[in-house]
Amino acid sequence: MIIVNQVSKVIRRNPVLSNINLEFRKGEVILLHGHNGSGKTMLLRLLCDLIKPTSGEVEHAADLRFGVTIENPTFFQHETAFYNLKYLAAIQRVIDDAEIENWLKIFNLYNRKDMKVRKFSLGMRQRLALCQAFMENPDVILLDEPFNGVDEDNLKTVYKAIEAEKTKGKLIVIASHVKIPVEGLVTRSIKMSDGKIVEMS
């Protein structure tokens, strides 16, 4: 589904990715792990065309639809959770209010849908970002540190949602310094260091 072919990325003369060769397929949950600055976030941004490689190429179908979270999700702080998702949904206009509310229920935020986001904890913001990434039925879901601040009970909810999308044949790539303890959820694990792939399992 996505082919990364001899990709390198240099920013301000600093190499942030070096000669990356990977294939990502439907129905996979891939964990990218490594220390801060290892290149995980840059690789996610390359996969969805947020940045372009300095050399090499990233190949995928032109009509591939992405759902993406960033490490520090930003929302309209003085608006409600529901307003934020509805605002984002209005860009593509592929889902209605009921679908937005359904995802708020899945991530245990429905009872907080009318709360201003500025009052949300870090974990609640993370779950709101996950609603945004999942809600429009994307082909590929890219999650950057999605478990930050999420309590143990809601972590189980997040894992369950990832498993459900995996069974639908979605490609899910997770950048995280936290290992996922759910047996069988992760299809492949890729360790990065200094912009390079150092281990795959």
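The model is a predicted one, in which local features need pLDDT of at least 70 and side-chain atom pairs count only at pLDDT 80 or more, whereas totals for chains, interfaces and linings use all residues. Residues are numbered from 1 along each chain as its sequence is written, and side-chain values use heavy atoms, with hydrogens and water left out. Helices (H or I, at least four residues) and strands (E, at least two) are DSSP runs, numbered from the N terminus.

The pairing of β6 with β7 is parallel and extends over 5 bridges, while β5 and β6 also pair in the parallel sense, over 4 bridges; here T69 has L143 in β6 as its bridge partner. Strand β6 is mostly covered, with 5 of its 5 residues buried, buried meaning under 20% relative accessible area, exposed over 50%, and partly exposed in between (1.4 Å probe, protein chains only). In a regular strand the side chains alternate between the two faces of the sheet.

Strand β6 belongs to an open sheet of 6 strands with mixed pairing, in the order β5-β6-β7-β3-β8-β9. Its edge strands are β5 (66–69) and β9 (196–200), each of which pairs on one side only. Neighbouring strands of this sheet are turned against each other by 20° on average, direction ignored. Within the sheet, strand β3 (residues 29–33) pairs with strand β8 (residues 188–193) in the parallel sense over 4 bridges, and H33 stands opposite K191 in β8.

Helix α5 (residues 152–167) packs on the sheet, touching β3, β6 and β7 (171–175), and its direction makes about 145° with that of β7. Helix α4 lies across β5 and β6, running at about 165° to β5. Contact here means heavy atoms within 4.5 Å, and axes are lines fitted to C-alpha atoms, for helices over the stretch in contact, with angles running from 0 to 180 degrees between N-to-C directions.

## The three-stranded sheet

An open sheet of 3 strands, with antiparallel pairing, has the order β2-β1-β4. The edge strands are β2 (14–24) and β4 (55–60), each pairing on one side only, and the twist averages 20° from one strand to the next. Strand β1 (residues 2–11) and β2 pair in the antiparallel sense over 7 bridges, and the bridge partner of I11 in β2 is N14. Helix α1 (residues 40–47) lies across β1, β2 and β4, running at about 60° to β2.

## Salt bridges

A search of the whole structure finds 9 salt bridges, a salt bridge being a side-chain nitrogen of Lys or Arg within 4 Å of a carboxyl oxygen of Asp or Glu. One of them joins R65 and D139, whose closest N and O atoms are 3.5 Å apart. This pair links distant parts of the chain, with R65 in the loop between β4 and β5 and D139 in the loop between α4 and β6, 74 residues apart. R65 is partly exposed at 38% relative accessibility, and D139 is partly exposed at 23%.

E165 forms a salt bridge with K168 (2.9 Å, N to O) and another with K170, where the closest N and O atoms are 2.8 Å apart. E165 counts as buried because its relative accessibility is 1%, K168 counts as exposed at 53%, and K170 is buried, with a relative accessible area of 8%. Salt bridges that share partners also join R25, E28 and R188 into one network.

## Loops with positive phi, and a surface patch

R93, although not a glycine, has a positive phi of about 55°; R93 is placed in the loop between α2 (81–92) and α3 (97–106) and counts as exposed at 73% relative accessibility. N137 likewise is a residue other than glycine with a positive phi, near 55°; N137 lies in the loop between α4 (122–134) and β6 (140–144) and is partly exposed, with a relative accessible area of 43%.

Note on methods:
Two strands pair if DSSP finds at least two bridges between them.
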